[in-house]
Amino acid sequence: MADKRATLYIASPLGFSEAGRNFMNNKIIPLLKRLDFNVLDPWKLTPQKLIKPVLNMPYGQKKREEWQKLNNIIGSNNTCAIEKA
């Protein structure tokens, strides 16, 4: 049976800070779920196992190249989520 709940893609600047992520994850998303929405959080669409190695690389050309590849993955994940919503 298909999920009949409305799907929300909740883009916001809140993910750029620890306090914002905390507010989003502990207040906004639980509220939306209690209101019976299916929530797509763009900050959780790309697995940390892909992001952390790039974040931890030393500054330089290789890191820039890896970010370019990762940005394509992140963009694709977000495009798919937006299309679902």
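The model is predicted, so local features need pLDDT of at least 70 and side-chain atom pairs count only at pLDDT 80 or more, while totals for chains, interfaces and linings use all residues. Residues are numbered from 1 along each chain as its sequence is written, and side-chain values use heavy atoms, with hydrogens and water left out.

Q: What makes up the fold pattern of the protein chain?
A: Along the sequence the pattern reads β-α-β-α-α, from three helices and two strands. Both kinds are DSSP runs numbered from the N terminus: helices are H or I with at least four residues, strands are E with at least two.

Q: Why is E66 called buried?
A: Buried means under 20% relative accessible area, exposed means over 50%, and partly exposed is in between (1.4 Å probe, protein chains only). E66 comes in at 19%, so it counts as buried. E66 belongs to helix α3 (residues 61-84). Leaving aside neighbours within four places in sequence, E66 is in contact with V54 and M57, where contact means heavy atoms within 4.5 Å.

Q: Why is D36 called partly exposed?
A: Its relative accessible area is 47%, so D36 gets the in-between label. D36 lies in the loop between α1 and β2 (38-40). Its phi is near 75°, a positive value in a residue other than glycine. Most residues other than glycine have a negative phi.

Q: What makes the largest nonpolar core?
A: Five residues do: I10, M24, I29, L32 and V39. Such a core is a set of buried Ala, Val, Leu, Ile, Met, Phe, Trp, Tyr and Cys residues joined through side-chain atoms within 4.5 Å. Helix α1 (residues 18-34) gives the most to this core, with three residues. Not counting residues up to four places away in sequence, M24 touches I10, S12, L14, I29 and P30.

Q: How many residues of the protein chain count as buried?
A: Of its 85 residues, 22% do.
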